[in-house]
Amino acid sequence: MNPIELSFEFFPPKTQEGLDKLRATRAQLLPLKPKFVSVTFGAGGSTQQGTLDTVLDMSKDGLEAAPHLSCIGSSKESLRAILNEYRSHGIRHIVALRGDLPSGMGEVGELRYASELVSFIRAEFGDWFRIEVAAYPEYHPQSRSPRHDLENFARKVKAGANSAITQYFFNADAYFRFVDEARKLGVDVPIVPGIMPITNYSQLMRFSEMCGAEVPRWIAKRLESFGDDRDAIRAFGLDVVTDLCRRLVDAKVPGLHFYTLNGAAASKAICERLGV
Ligand code: FAD
């Protein structure tokens with residue numbers, strides 16, 4: 001099997017126990033030689049220090065760690081300060097996002113969309129950062145129309161993104177079609193599929209509802225039927241997500257980006273089954 005570039009996404013832990021767990025996760029995933037790992041950022045800067053601390057912790061032993069940065073609810077001045085701090089630590093890779101404001105909270109800020117954040121970073125920091133942006137094969141939940149969302153995605157890439165990572169999906173065809181349509185709009189950067197391992201039915205349904213990812217009915221029905229049998233959920237989830245990844249790898253996707261939720265077991269099991 002051809003080597004495939006892997007990346008893993010984490011969130012900043014809030015407790016010492018969470019940090020210990022994340023370090024153990026990192027140790028288990030390191031042998032898979034990820035191209036990079038990334039660390040999420042709470043909207044409005046709520047995890048600002050936690051994101052940086054986690055990135056620095058993850059960067060030990062030469063692992064490339066990319067912080068996420070969202071612009072919603074932030075001033076240019078505060079974004080500039082965060083980017084300067086990232087640069088002062090030698091960080092050269094970030095995931096640039098709009099983010100979501102918690103409902104009823106705060107002002108939109110000076111930059112309304114991720115495309116504006118990408119332009120801002122390029123204007124102020126030149127080529128210092130490698131920039132990833134988000135892509136939505138099943139379309140962003142707030143988008144006016146699929147066409148409009150695709151055009152906005154293309155705008156974001158043309159503003160200076162080097163690569164994109166998708167929202168997770170279980171319909172491979174949605175991804176293939178999205179990539180085809182983006183290419184027709186002149187998007188030529190890698191569009192790496194985001195992969196959500198399935199380990200918990202209610203959590204998966206809750207996340208999917210929020211982010212607009214579709215859980216196909218046959219998957220939801222099977223997961224629901226397992227009730228509290230977590231082993232059965234994990235075993236079925238492993239089959240389904242490995243099959244999805246195999247289709248993607250066979251189609252020569254540029255990489256796989258795993259939403260780990262700070263656990264190693266599910267992502268590792270999928271990679272082992274894939275033989276990567
Ligand atoms: P944008 O690209 O700005 O798009 C948002 C919406 O605005 C879309 O509907 C788009 O069509 C529309 N739009 C864009 N430009 C325009 C325009 N010029 N005019 C009109 N409409 C426009 N969230 C976090 O808070 N922290 C994280 O760390 C985080 N990491 C993520 C990582 C990945 C890989 C992904 C896929 C998502 C992540 N998210 C994160 C979630 C993300 O912040 C939300 O999905 C958010 O709602 C949109 O962010 P975006 O960067 O895709 O926004």
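Start at F41: one of its backbone N or O atoms sits 2.7 Å from a nitrogen atom of the ligand. Keep in mind that this is a predicted model. D100 has a side-chain N or O atom 2.6 Å from an oxygen atom of the ligand, and a polar side-chain atom of Y136 is 2.6 Å from a ligand oxygen atom. On its own the ligand has 980 Å² of accessible area, and the protein covers 87% of that.

Now zoom out to the whole shell. It has 23 residues, and F41, D100 and Y136 are among the closest, along with D149 and K156. By class, you get 8 nonpolar, 9 polar and 6 charged residues around the ligand. If you want an element to look at, pick α5, which gives the most to this shell with 5 residues. Both α5 (146–158) and β6 (163–168) put in at least two residues each.

Where does the ligand sit in terms of pockets? The space it takes up is the largest pocket, with a volume of about 1,700 Å³. That pocket has 44 lining residues, and those nearest its centre are L97, G99, D100, Y136 and Q167. Here too α5 supplies the largest share, 6 residues.

Helices α9 (230–250) and α10 (265–274) each supply at least two of the lining residues, and the lining splits into 12 nonpolar, 7 polar and 3 charged.

Notes: Residues numbered from 1 in each chain as written. Predicted model: local features only at pLDDT ≥ 70, side-chain atom pairs only at ≥ 80, totals over all residues. Heavy atoms only, no water. Near = heavy atom within 4 Å. Polar contact = N/O pair within 3.5 Å; in protein donor to acceptor, adjacent residues only side chain to side chain. Areas by Shrake-Rupley, 256 points an atom, 1.4 Å probe, with all protein chains shown as cover. 1 Å grid on protein atoms, 1.4 Å probe; cavity = no way out; pocket = protein on both sides within 12 Å on 5 of 7 lines; lining within 4 Å. Sits in = over half its atoms within 2 Å of the grid points. Helix = DSSP H or I, 4+ residues; strand = E, 2+ residues; numbered from the N terminus. Nonpolar A, V, L, I, M, F, W, Y, C, P; charged D, E, K, R; others polar. Points joined across faces, edges and corners; volume = space filled by probe spheres on them.
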